[in-house]
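Let me put the structure up and we'll walk through it together.

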Amino acid sequence: MSAPSEKSLAALLDERRTFAPPEDFRRRANASDPGIYDRALRDPEAFWAAEARQLDWFTPWQKVLEWNVPWAKWFVGGKLNVAYNCVDRHAHSARRNKAAIIWEGEPGDSCVLTYGMLEREVNRFANALRSLGVAKGDRVAIYMGMVPELAIAMLACAKIGAPHSIVFGGFAAEALRERINDAKAKVVVTCDGAWRRGSIVPLKASVDEALRGTPTIQSVVVVRRIGDAAKAAMQAGRDVWWHEVTDAASDQCAAEPMDAEDMLFVLYTSGTTGKPKGIVHTSAGYLVGVSTTHRYVFDIKEEDVYWCTADIGWVTGHSYIVYGPLANGATSLMYEGTPDYPDRDRFWSVIDKYGVNIFYTAPTAIRTFMRWGTELPARHSLSSLRLLGTVGEPINPEAWIWYHDYIGRRRCPIVDTWWQTETGMILISPLPGLTATKPGSATRPLPGIVAEVVDAKGDAVGPGAGGYLVLKRPWPAMMRTIYGDPDRYVQQYWSRYPGVYFTGDGCKVDEDSYFWLLGRVDDVMNVAGHRISTYEVESALVDHSSVAEAAVIGRTHEVKGQGISAFVTLKEGVTPDDALKNELKQHVVGKIGAIARPDEIFFVSELPKTRSAKIMRRLLRDIAEGRILGDTTTLADPAVVARLKTQYQEEG
C-alpha cells in the first residue's frame, strides 16, 4: 500500500467554503469552551474520569487507564451496569414518564416507551432469559428487525451480564450460523418476520435454517411481529414466544454488577478476506465513550427528539440509537422502514410528525434524496431541526451543501462524523458550538483523541498531503480484542506501526489541520504509479450538475496497472448519452487532472447498496474484473447486481 499522492488530493483540498456555528447555537452548546481540547490533551485521564463521573457506579474505579500496548483496561476495578445507567437510574428520577424510545413502524404502527415502561419491559425479558438458563457471561444472539423488542433484548442482556451478539437482519442463514458458532451463543432472539416495503422478510425461517448446524443453541425466543402471515414454524422444546415468556416473568430485576472490563457485546464485521471479525466491546469504557460523544457531538438537550436512521444491526445503531442516547436520558426515535416507503418523503414526514430536533443519517441516503429533487423536502416544515449529522462514509462536498440548504434550511450545523465498529465511538467530528465546518471534512479529532496522518514509513505528513489515518493514544470505547483471536487483533490493527492503531483509512490534512477522510485504503487506486482516491473521483463526478450519485472502482489495466471505472446515476430528467460521458470525463480532468480521467463510465439506474445504504464497491469490482460475485446477502436489492453485470458485459 502507498499513501495517496499530494497531486491526486489537490481538488478536494481546494474546498474552501466554511460555515461558522450560528451564534444562538454557540451560546447554548454543551461544548462552548474551546479550552476543552487543551485540557483533554494535557491530562486525558482526568478528562475521561470527569466524563465517567456522569455515570452511576456500584464500585469506584481505582485507576483510570492501564495501557500495555495494544491492551487497554479503562476504569480499572470499577463496577457498574450498562442497563442500569441507560434505564433504571432514569426510571427512578424525574425522567420516569419521559419518552425513552419513540418507535415508528413500517405499516403505520407506532408506540412510545417511557423510561418507566422500558424498565419494566427490560426486567421482564431479563428474567425470561434467566428462566431459559442464560447466566452472566453467556452469549445471546439477536437477529431481528427494527422493533422495540430489539432494544429491550439488548438492555436485558446487559442487565444480567450476558454479552449480546446482534446479527443484522439482512444477513442470510449461513452468515447467521457462522456468527452464532463463533460466539458460541446459547440463545437466539428473533421475530417471526419483519416488514420491508410492504413485504414480509421471513426471519424465523432463516433462523431455522441457520440452526441446523449450531450445537450451542438451546432456545429460540420469537417476537410475534407479523402474525399468521409469517407462517413461522415453532419447534417444540426449543422455540418460545416472546410474549409468553415475558408475561410469565417478574418486572423486578436487580442489575448485575459488572466489572468495567466485562464484555458488553461482540459485533461481527465482514472483511474482504477471512471469516468475520468479532469485535469485542466492554462495559465501562464503551459507555463512557458513547455517552460523552453523544452529549457533545449532538449537543443533546433534555427536550430534544433525536433520530439516528441506522439499523441497530450495525455499530451506529448500538452506539447512537440505544446506548449513547439512553445513557444520557434522551428521547431516541427508532424507525423500522425505508426512506422511500410508502413515499419518497417518508423521512421528512417522520421528522415533522415527531418534531425531530437532531437527525443523523448516511451520505448515501443524502445523495439519494438529492436525486429525488428538492420538491419532496419542500413539502414539509422541518422547522424542528436544529442539528444534522452524517455517518458511514465520507460525504461529498456538494451533498453536504444540499443537506445544509434543503434539509437544514441553512440554519443547522452539520456534524460529519468519522469512526468505526472497532473504535466504538465517534473520534473525529466538529463540536457544533465550537467548530467552523467545511463541506466534506470531518474537521478535527474530538477532545481526548490523538489522531495523525502518516506516510508509509509512519512519519507525519504535512498540510495538503495524504496518507494513512492512525490513532496514537488509547480511548475508552476502543475495541479490546477480536473474539477468540487475539493474534489477529494484534496483526490487523497494531502491527503496521508499533504502538499505533492503524485504522485502514486514507486521510489528508489541510492547512487548518482539518481531516479529510478518503475511505478505505483498498479504495485507493494505483493508476500509472499515481495514487488516486475513488472518493475523490466520485466527488468530482457528483460535482457535475447532471450527476446524482457515483461509485468508482479500479480495475486491472495492462498498461496503467489500474484503470478507472465509474458507475453513475443521473438526476431525473437527464438523458444518458455518449456526449454526456465525454463531458463527465472532461469534468473530472478539470477537477483533478488527466491522470484521473475515467476509462469507462456506465450510466446505471441504481447502485448496489446494503440495507444500511452503503455502496458495495467490492461487488462492482467483481463485475468489472469478470469474477464470480461475492456475497450479496446484505444488499437491499440483490437483483441490482445481476442487472449491472448484464449491462456491463453488453457495454464493456
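So, how many cavities of 30 Å³ or more does the count come to? Keep in mind that this is a predicted model. The count comes to 3 cavities.

Let's start with the largest cavity, at about 70 Å³. The residues lining the largest cavity include Phe47, Trp48, Thr292, Thr293, Tyr296 and Val297, along with Met425 and Leu431. Two elements give two or more residues each to that lining, α4 (44-52) and α11 (283-297), and α11 makes the largest share with 4 residues. By class, the lining of the largest cavity comes out at 9 nonpolar and 2 polar residues, with no charged ones.

Next up, the second largest cavity holds about 50 Å³ of space. Among its lining residues you'll find Asn81, Val82, Cys157, Ala158, Met263 and Leu264. Both α7 (148-160) and β14 (263-269) supply at least two residues there.

We've got 7 strands in an open sheet with mixed pairing, in the order β5-β4-β17-β16-β18-β19-β20. At the edges sit β5 (110-114) and β20 (414-416), each pairing on one side only. The twist averages 15 degrees from one strand to the next.

Zoom in on β16 and β18: they run parallel and are joined by 3 bridges. Tryptophan 307 stands opposite phenylalanine 359 in β18.

Helix α6 (residues 115-131) lies across β4 and β5, at about 90 degrees to β5. Helix α13 (residues 346-354) lies across β4, β5, β16, β17 and β18, and runs at about 145 degrees to β4.

Note on methods
Residues numbered from 1 in each chain as written. Predicted model: local features only at pLDDT ≥ 70, side-chain atom pairs only at ≥ 80, totals over all residues. Heavy atoms only, no water. Pairing = 2+ DSSP bridges. Axes fitted to C-alpha atoms, helices over the stretch in contact; angles between N-to-C directions. Contact = heavy atoms within 4.5 Å. 1 Å grid on protein atoms, 1.4 Å probe; cavity = no way out; pocket = protein on both sides within 12 Å on 5 of 7 lines; lining within 4 Å. Points joined across faces, edges and corners; volume = space filled by probe spheres on them. Nonpolar A, V, L, I, M, F, W, Y, C, P; charged D, E, K, R; others polar.
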